[in-house]
Amino acid sequence: MKNTTLQRILGVRDFGVLVAAVAVGAFFSIATPVFLTSYNIFNLLRQTAELGIVAMAMTVLIVSGEFDLSVGAIYAVTGVVSGVLASKLGWNIWISALAGVVGALFLGFLNGLLIATTRINSFIATLSTMMVFRGIAMVLSQGQPISFKLEFFMDLFGRAELGGVVPVPVLWMLGWGLVMYFVMHRTTFGIKVFATGDNREAADLAGIKTMRIKQAGFLITSLAAGVSAVISLSFLKTVTPTQGTGLELEAIAASVIGGTAMSGGVGSILGTFIGTFIMAEVRTGLVLLGTDAYVQDAFVGLVIALAVIINVRLSTKKK
Amino acid sequence: MAYLRMRGITKLYPENNVLANDSVDFEVQRNEIHALVGENGAGKSTLMKILYGLERPDRGSIELAGRAVRIASPLEANRLGIGMVHQHFRLIPEFTIAENVVLGAEPRRQGIFLDREGALAAVRRVIGEYGFSIDPALRVGALTVGQMQLVEILKILYRRAELLILDEPTSVLTEQQIRRLFDTLRALSAIGKTVIIITHKLGEVKEISQRVTVMRAGRVVAVRDTASVDERELSRLMVGKPVSLQVRREPQERGRPVLELQGVRLLVRGQDRPLLDGVDLTVHAGEIVGVAGVSGNGLGELEDVASGLRRISGGRILHDGQDITRLDSPRLRQRGLAYVPADRLHRGSSLKSSVMENMIIASHHRFLRGGVIRRRQAEGFASELAARYSIEGDPRVPIGTLSGGNIQKVILARELASRTDFILFSEPTWGLDVASSEFIYDRILEIRRQGLAILLISSNLDEILSLADTLVVMYRGRVAACLPNSGGLTKELVGEYMLGLRQEVAR
């Protein structure tokens with residue numbers, strides 16, 4: 001096989017995803033002239049910041065062999081808790097947002113605890129906590145949206161644009177991605193995550209506390225949900241108890257498009273980042289083409305199916 | 001002064017009431033290569049699992065270098081300087097060699113960051129120290145089996161183990177790889193490491209070990225200096241005195257050939273020796289053909305091939321003179337081929353389904369009306385079978401709640417319920433109590449009288465010598481001998497064929 005420098009840097013798997021991202025981008029650039037403008041690209045990235053943050057964390061969890069379907073609900077709880085504290089009780093926004101994120105971490109801790117103590121499959125365990133957490137968001141907000149009056153805080157997390165071009169959510173996403181990248185691909189924790197997901201028995205025999213690794217994964221996804229909820233409320237200046245519905249599935253989809261194996265043990269943060277970008281490209285591109293809004297989800301579904309098929313083909317050919 | 005001293009080790013597996021180790025005393029001197037031999041189920045692996053902290057003994061004590069130790073987990077074993085290479089490797093395929101080796105004891109930078117260069121350098125150092133040649137940056141998933149084994153050994157050496165346990169290390173290796181492994185073991189012993197090697201290949205015992213401990217049926221039957229014992233004696237010690245089973249096999253004329261294997265070959269990627277190599281075998285009506293062999297010599301593969309679960313790479317299989325090589329298992333069943341697998345829990349039954357469901361699964365179309373199972377008829381059928389085979393328990397309970405003997409009876413009942421002229425048995429009485437075993441033997445002889453063709457694969461020599469009309473011995477994927485079982489056969493003789501000490505004159 002011929003290896004270009006770029007390919008060596010990205011790894012073979014990530015290279016395939018990158019090619020797909022470029023191909024999708026090229027298609028829309030030809031189809032509509034506004035697609036390839038810096039304004040559109042940054043707008044696209046801004047819209048995808050929350051998803052990207054959650055998806056990169058989800059990758060850590062999937063690689064360890066678990067799922068978290070409750071991230072969307074945790075995202076809602078974070079927003080609602082911050083909103084109730086800041087708008088209804090008049091707390092300082094910094095403390096309110098911090099309380100929301102701590103709440104998110106607590107819910108992630110509960111997920112991990114539930115799986116560790118009962119050994120229920122995480123798919124079904126977090127499906128039930130998803131409904132419970134969503135219920136908490138509903139009760140706390142009484143089903144109503146809550147709006148904020150924010151100044152500096154809002155700018156810092158949501159509205160400001162660096163140099164008038166780069167929206168801050170994009171910076172937060174890149175920062176988070178960098179942290180996730182180092183955690184997964186540079187630390188001993190990361191190597192344990194991969195080992196746990198690839199061959200749990202071998203990992204156990206090597207002395208890795210694999211359940212701890214998975215629990216840490218749940219904490220990371222909940223932290224991601226909390227952080228992205230703060231970004232969302234800063235940008236939108238409002239929270240709703242229904243926000244983040246479907247976020248968990250999009251995060252899983254982005255992760256899988258990026259080359260993460262559903263069976264665990266394989267995945268990359270960079271791949272997931274590109275996977276998120278592809279999903280955003282398709283959505284934005286379809287809007288720019290003037291596609292009927294009702295058809296868009298169907299197209300996104302097709303893209304996911306296509307990406308996964310290609311992914312499976314590539315990974316089986318390697319063996 | 002022995003380096004390792006295990007005393008009075010006793011281990012009972014309550015699930016199947018097997019006394020795997022019965023007051024075993026086992027000693028190893030520092031620096032020696034010690035072979036632990038015995039047939040399948042002799043208790044070698046259990047003893048080593050206890051030493052490695054994977055099993056707790058019910059009774060007994062362990063002394064290492066003169067100190068009493070308790071070994072509760074593999075981690076503790078590692079701390080005490082004991083390392084084990086399992087028969088099935090415990091490796092992470094996506095990782096490099098270096099990552100696999102350091103996993104669980106990684107070199108770090110600033111406390112949390114994985115020091116990849118450090119890991120590579122450390123592993124490279126271990127590789128150099130012991131004179132191996134392999135690139136630690138290679139991905140484990142792309143290695144050959146021999147290289148993977150080397151990675152397992154590197155894992156142990158990286159953790160500075162003094163005592164290495166290898167569980168049947170040569171079973172997956174080629175001749176060349178075995179040479180290389182033995183050179184490695186000799187080199188390790190020369191620099192002061194102690195090695196225990198589990199095997200049932202006697203040639204290897206003679207070649208590599210200084211002393212040998214022979215186990216049979218959970219006990220140590222002999223400890224010898226390897227130089228003072230020959231392979232024939234080892235073979236005799238391993239198989240023991242023949243036990244005559246309470247079965248009476250009447251002489252009987254054999255009929256037409258029912259199932260024929262002609263030059264069957266099975267090649268598997270990554271194995272440079274065929275797992276089945278030109279196997280010829282004919283089973284006639286009213287005949288029991290017994291296939292004997294030590295595990296790893298093609299018995300399991302023969303089971304897979306004869307049951308139609310695995311496609312062969314060469315040769316053909318005939319049923320009633322017609323080629324059935326490419327038929328799938330529903331077709332084979334339609335033709336009247338039945339199968340009682342060795343793995344009765346996973347391959348032979350659906351554990352969470354009821355006894356009744358397990359009984360009708362091969363013939364459920366008989367109970368269908370408009371696509372719906374007529375429950376009453378099916379239950380009637382199941383109760384009738386249960387009575388005929390004296391299966392205890394309600395046919396509506398999950399089969400997994402039954403004892404091993406009753407599960408085997410259910411499988412047998414199902415397989416014989418439809419029109420059949422050939423049946424394959426693999427390890428039909430493995431792990432069963434005496435009464436259930438005798439029941440199975442009686443059934444096997446009964447269907448022989450009815451004129452079925454029976455292929456019986458078993459590692460239990462007593463069973464084969466008592467039941468089979470014709471005895472086929474497999475060695476390294478080939479038929480080493482095909483002998484009529486007419487009284488003159490002894491366990492010693494068959495044992496010699498099984499262990500490769502004797503080969504039939506080339507055809």
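The legends below describe close-up views of a predicted model.

**View 1. Packing of helices α9 and α11 in chain A.** Helix α9 of chain A, residues 188–198, packs against helix α11 of chain A, residues 210–236, at an angle of about 110°, and their axes are 10 Å apart. That angle makes α9(A) roughly perpendicular to α11(A), and the crossing in which α9(A) passes α11(A) is left-handed. On the α9(A) side the meeting residues are K192(A), V193(A) and T196(A), while α11(A) contributes T210(A), I213(A), K214(A) and G217(A). By residue class, this contact of α9(A) with α11(A) comprises two nonpolar, three polar and two charged residues.

**View 2. The side of chain A that touches chain B.** Between the two chains, 19 residues of chain A are in contact with 16 residues of chain B. In chain A, helices α9 and α10, the latter spanning 200–205, each supply at least two residues of the side that touches chain B, and α9(A) gives the most to that side, with seven residues. The residues on this side of chain A divide into nine nonpolar, six polar and four charged.

View 3. S70(A) is placed in the loop of chain A that runs between α3 (49–63) and α4 (71–88). Because 29 other C-beta atoms lie within 10 Å, S70(A) counts as buried, the cut-off for that class being 20 or more. When its neighbours within four places in sequence are left aside, S70(A) is in contact with N111(A), T126(A), T129(A), M130(A), F133(A) and E248(A). A separation of 12 Å is found between the C-alpha atoms of S70(A) and G135(A), which are 65 residues apart along the chain.

**View 4. Surroundings of V221 in chain B.** V221(B) belongs to strand β12 of chain B, which covers residues 219–225. With 14 other C-beta atoms within 10 Å, V221(B) is partly exposed. Apart from its neighbours within four places in sequence, V221(B) is in contact with V214(B), M215(B), R216(B) and L237(B).

**View 5. Domains of chain B.** The domain assignment divides chain B into domain 1 (4–239), domain 2 (245–336 + 420–507) and domain 3 (349–418). Taken over C-alpha atoms, the centres of domain 1 of chain B and domain 3 of chain B are separated by 44 Å.

Definitions and conventions
Residues numbered from 1 in each chain as written. Chains lettered and ligands numbered in written order. Predicted model: local features only at pLDDT ≥ 70, side-chain atom pairs only at ≥ 80, totals over all residues. Axes fitted to C-alpha atoms, helices over the stretch in contact; angles between N-to-C directions. Helix = DSSP H or I, 4+ residues; strand = E, 2+ residues; numbered from the N terminus. Parallel < 35°, antiparallel > 145°, perpendicular 65-115°, else oblique. Left-handed = near helix turned anticlockwise from the far one by under 90°. Contact = placed C-beta atoms within 7 Å. Nonpolar A, V, L, I, M, F, W, Y, C, P; charged D, E, K, R; others polar. Domains from an automatic or database assignment. Buried ≥ 20, exposed ≤ 12 C-beta atoms within 10 Å, placed from the backbone.
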